[in-house]
Amino acid sequence: MGQFIIHNDFPGDFTLVSNYFLDTYMPQANGEFVKIYLWLLRSASVSGAALELSSIADIFNCTENDVLRALKYWKNTGVLDVTFDGRGNLKELRLRSLTGGAKAAPPKAPQAPSVKALAETVPETAAFREKSQTSEPKTLSPDKVKELSGRDDVIELLFIAEQYLGKTLTPTEINKLLFFYEELHFSKDLMEYLIEYCVSKGSRSIRYIEKVALAWAEENITTVKQAKQETNTYNKNFFAILKAFGIKNRNPVDEETRYMNLWLNEYAFTLDIISAACSRTVIATGHPNFAYADSILHNWQKKGVKHLSDIDKLDEDRMQQKAAKAESSARPKPAPSKNKFNNFHQRTYNVDELEKQLLK
């Protein structure tokens with residue numbers, strides 16, 4: 001996306017944080033959203049300044065979609081106004097004054113999922129219990145769901161999930177989320193980050209969320225800090241590889257992610273080796289080509305490359321082989337003799353036998 005203009009409705013060349021915002025909005029907001037809002041306040045010290053989503057994403061080490069989700073969250077709470085053009089690009093952003101006069105509407109209080117939805121989450125049948133213990137082990141029992149459904153922290157958790165996913169949770173989704181919370185022992189904050197992260201990757205599927213949750217559980221990730229370290233490491237690696245290809249200002253597509261996971265996890269190559277293959281690919285083909293880079297890296301893996309020095313050794317050996325072949329081709333061959341008699345096979349004769357034949 002291109003530039004957008006930011007305006008403010010408060011006076012003075014300083015960063016003004018409303019006490020009303022601190023008391024009413026900040027306690028319920030996601031921490032990353034709060035940081036982005038505060039940075040926007042700082043940037044809006046001069047009304048009419050031009051900003052770019054990509055620059056904000058770089059500052060907070062996140063994606064442009066993460067920034068957009070933060071803006072949409074604050075728009076829904078009434079803290080700011082966001083304007084998009086006809087193509088869906090962000091055009092203008094206005095920070096509303098929360099001191100004196102008309103105040104933005106306070107955020108909606110969390111509401112419990114409907115009684116009907118909770119009741120339908122797990123049917124009270126023996127057949128369901130048998131199925132949940134065999135073909136669908138990652139679910140909770142009906143009694144456990146009923147027990148959890150009345151807790152304030154669970155009600156808030158499901159409310160947050162609905163805000164991120166942008167819809168009313170289905171019984172299956174409620175059951176899955178409660179399983180992560182109760183059986184995987186994910187805290188409410190970790191659950192919130194789990195859903196936030198999956199949505200930022202473009203997926204609101206409960207199956208994808210479950211896949212990520214189980215992977216974190218296997219890695220013994222129990223805090224938001226650990227989860228961010230895990231996800232940021234992968235994100236940084238992906239963007240470093242895209243940069244080596246000369247690709248900027250966009251997220252990797254699924255096929256590119258598949259290749260990069262292969263190089264990082266199965267081939268177990270470091271970023272410097274992968275970057276070297278990317279550079280050679282662009283030089284050879286003139287454009288980013290993940291399949292071509294994979295052929296280079298697959299060949300290096302078979303030859304046991306572990307460090308950049310191993311690649312230098314392969315290059316040196318290849319140059320020596322080419323030089324030897326070129327020298328062999330350039331070496332002059334002996335010229336054939338011009339004496340035509342040398343072309344006849346030299347014969348040997350038994351002189352004694354010839355003499356006897358003549359005497360006879």
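**Note on the predicted model**

1. Glu173, leaving aside neighbours within four places in sequence, is in contact (heavy atoms within 4.5 Å) with Lys167, Thr168 and Ile206. Glu173 belongs to helix α9, which spans residues 171–182; helices (H or I, at least four residues) and strands (E, at least two) are DSSP runs, numbered from the N terminus. With a relative accessible area of 7%, Glu173 is buried, where buried means under 20% relative accessible area, exposed over 50% and partly exposed in between (1.4 Å probe, protein chains only). The C-alpha atoms of Glu173 and Glu210 are separated by 9.8 Å, the two residues being 37 residues apart along the chain.

2. The structure is a predicted model, in which local features need pLDDT of at least 70 and side-chain atom pairs count only at pLDDT 80 or more, while totals for chains, interfaces and linings use all residues. Residues are numbered from 1 along each chain as its sequence is written, and side-chain values use heavy atoms, with hydrogens and water left out.

3. On confidence, the mean pLDDT (the predictor's confidence in each residue, from 0 to 100) is 76 for the protein, and 75% of the residues reach 70 or more. Over residues 100–137, however, the pLDDT is below 50; this stretch has 58 contacts in the model beyond near neighbours in sequence.

4. As to overall composition, the protein has 17 helices and four strands. Of its 360 residues, 37% are buried. Among contacts between residues at least 6 apart in sequence, 65% join residues at least 24 apart.

5. The largest nonpolar core contains 62 residues, and Trp74, Phe180, Leu194 and Trp216 have the most contacts inside it. Such a core is a set of buried Ala, Val, Leu, Ile, Met, Phe, Trp, Tyr and Cys residues joined through side-chain atoms within 4.5 Å. Phe180, neighbours within four places in sequence set aside, is in contact with His185, Phe186, Met191, Leu194, Ile209, Glu210 and Ala213. Apart from this core lies another, of 24 residues, which includes Leu264, Ile273, Ile274 and Trp300.

6. Asn237 is found in helix α12, residues 224–244. Not counting residues up to four places away in sequence, Asn237 touches Leu264 and Leu271. Asn237 counts as buried because its relative accessible area is 17%.

7. Helix α8 (residues 152–165) and helix α10 (residues 188–200) have axes that come within 10 Å and cross at roughly 10°. Axes are lines fitted to C-alpha atoms, for helices over the stretch in contact, and angles run from 0 to 180 degrees between N-to-C directions. The crossing therefore makes α8 roughly parallel to α10; angles under 35 degrees count as roughly parallel, over 145 as roughly antiparallel, 65 to 115 as roughly perpendicular and the rest as oblique. On the α8 side the contact involves residues including Asp153, Leu157, Ile160 and Tyr164, and on the α10 side residues including Lys188, Met191, Ile195 and Val199.

8. Are Cys198 and Cys278 buried or exposed? Cys198 is buried, at a relative accessible area of 0%, and Cys278 likewise counts as buried at 0% relative accessibility. A disulfide is a pair of cysteine sulfur atoms within 2.5 Å, and by this rule the count comes to zero.

9. Tyr25 lies in helix α1, residues 19–25. Tyr25 is buried, with a relative accessible area of 1%. The C-alpha atoms of Tyr25 and Val79 are separated by 8.6 Å, although these residues are 54 residues apart along the chain.
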